[in-house]
Amino acid sequence: MIWITLVLTIFLSLSFLYLMDLYLKKKGSSLKKILTAQFKYTKRLVRTKRILSLFGIYLLLGAVVFTFYNLGNRIAFTRIHSGYSEWRESNGEAYLFISADDYYDLGYHTGNGLASNIALMKYELMISSLMFGIDYFSMINVAKQYMEYIPEDYLLELYGMSEGASAGSGFYLSFEDILVQSLFLEIIYGRVLPSKTISFGCTAFGTINSNNESIIGQNIDLIKPMGACGAFVLHQFRNDPLVFTYRIGACTLPMGKNEHNIVINMNLVQLNIVSELTIPYFVLARDVFSQCNTIEQCSDKFFQNHSLPYGCNLLIAQNEKILAVQCLPNEINLNYPNSTVVHSNTYLNETWQDKLADPTYSKARQDYAEVILQSAYEDKELTDSELISLLGNKPIICRDEGGLTGDGTVAFLTSTHFGIGTVHENVGLIPI
């Protein structure tokens, strides 16, 4: 449909200039006379002023074209569809609610509601991908290799997301742009193996309290500009359970909660081995949240293929249980803790240390987190307020490194609470 945008851009721009010319003629002038006079005036200026004057003319004309290009995208990609979406608020914290009955419409509403996040994420990846040792167009080529592992329904959803984001932002966001965003962690953590340690990080806490109630929570740490692409989404799809997830641009991460009180936290782990092409995590996360109502079903669904797209740790909690999982791409370690558990961006399994890109990374944070959790759990009870306090512990757990472009905590998610930013800002109540 991009050709419709181009036709509309040309038509609207020429129409605008024509109408402006008619208006000026009524005033005794014309657009041609003004531009001719401006160019003659420019020629009489010294070189620097001439360049600035010409730049001003071209900037003005470019602004006209850009305005109608943006408007053309919004018109060309507007669709009549079922369902709806709206931004809602919980204790001052915003989240996007979506209701839809087919995959295209679910994607369209998601893309439209998160349009600015997705548009920003595209340019974030175009810039930051070079830091990871791969250019944006190579990322597209790698992302396409995963398409055979993505069910047709989800591909349709991504296509709808592309059109919804293009309509919502006014910028053309192709299916390939959405595919790359959905798979950028698979590409960077599973296939590219950057030469330096990526400081994306999270710290997750979990306990089984004396009343046998589980509680888990994590901070989400990213490059801070990428944090501006993050949002929480609550969606109702057909008769599936309500699902609340954290998104980075168009990417659905295995971080969230469903109507069956299943809560999942995830920590990335950077490895020195290339992962096989396999089912992406966004597909696994969507299937788990929509189809599972027990922890055991989650485990079966996540590890059905005996192959994962990158290394990570998972905490999966429901009612009186926590399942702590350390994941290599081709091996997993399962544990049901009966007291406390801490995950960060490393492995506790001693035999896996040689698989880490940097065996020292996150070790000090892991040790520190274990100590402060054990202190808070001394009475065999970790309350919501105590968990929030742990997630707000500065500067090791609640991180803020390297100025505006450095790394930092950009969001958090617990069994009951969520928020963009840190726990020192708004703390929303998960609306499930």
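This is a predicted model: local features need pLDDT of at least 70, side-chain atom pairs count only at pLDDT 80 or more; totals for chains, interfaces and linings use all residues.

Entry on the cavities. I looked up how many cavities of 30 Å³ or more the structure holds, and found three. For the largest cavity I read a volume of about 90 Å³ and a lining of 13 residues, of which Thr197, Val269, Gln270, Asn345 and Tyr361 lie nearest its centre. Sorted by class, that lining has eight nonpolar, four polar and one charged residues.

I then turned to the second largest cavity, which holds about 60 Å³ of space, and whose lining includes Phe184, Cys202, Asp221, Ile248 and Met266. Helix H8 (175–192) and the strands E4 (214–223), E7 (251–258) and E8 (263–268) each give two or more residues to this lining, with E4 supplying the largest share, three residues. By class I wrote down 11 nonpolar residues, no polar ones and one charged residue.

Entry on the surface. I found a nonpolar patch of about 430 Å², made by Tyr123, Met126, Ile127 and Phe137, and its largest share, three residues, comes from helix H5 (residues 115–128). Is Ile127 buried or exposed? Isoleucine 127, which has its place in helix H5, counts as exposed because its relative accessibility is 60%, and exposed here means over 50%.

Technical notes: Residues are numbered from 1 along each chain as its sequence is written. Side-chain values use heavy atoms; hydrogens and water are left out. Patches are made of residues with over 30% relative accessible area and no salt bridge: like charges are joined within 9 Å, nonpolar side chains (Val, Leu, Ile, Met, Phe, Trp, Tyr) within 5 Å. Accessible areas come from the Shrake-Rupley method with a 1.4 Å probe; for residues, only the protein chains shown count as cover. A salt bridge is a side-chain nitrogen of Lys or Arg within 4 Å of a carboxyl oxygen of Asp or Glu. Helices (H or I, at least four residues) and strands (E, at least two) are DSSP runs, numbered from the N terminus. Buried means under 20% relative accessible area, exposed over 50%, partly exposed in between (1.4 Å probe, protein chains only). On a 1 Å grid over the protein atoms alone, a cavity is a set of points where a 1.4 Å probe fits but cannot get out, and a pocket is an open set with protein on both sides within 12 Å along at least five of seven lines; lining residues have an atom within 4 Å of a point. Grid points are joined across faces, edges and corners, and a volume is the space filled by probe spheres set on the points. Ala, Val, Leu, Ile, Met, Phe, Trp, Tyr, Cys and Pro count as nonpolar, Asp, Glu, Lys and Arg as charged, and the others, Gly among them, as polar.
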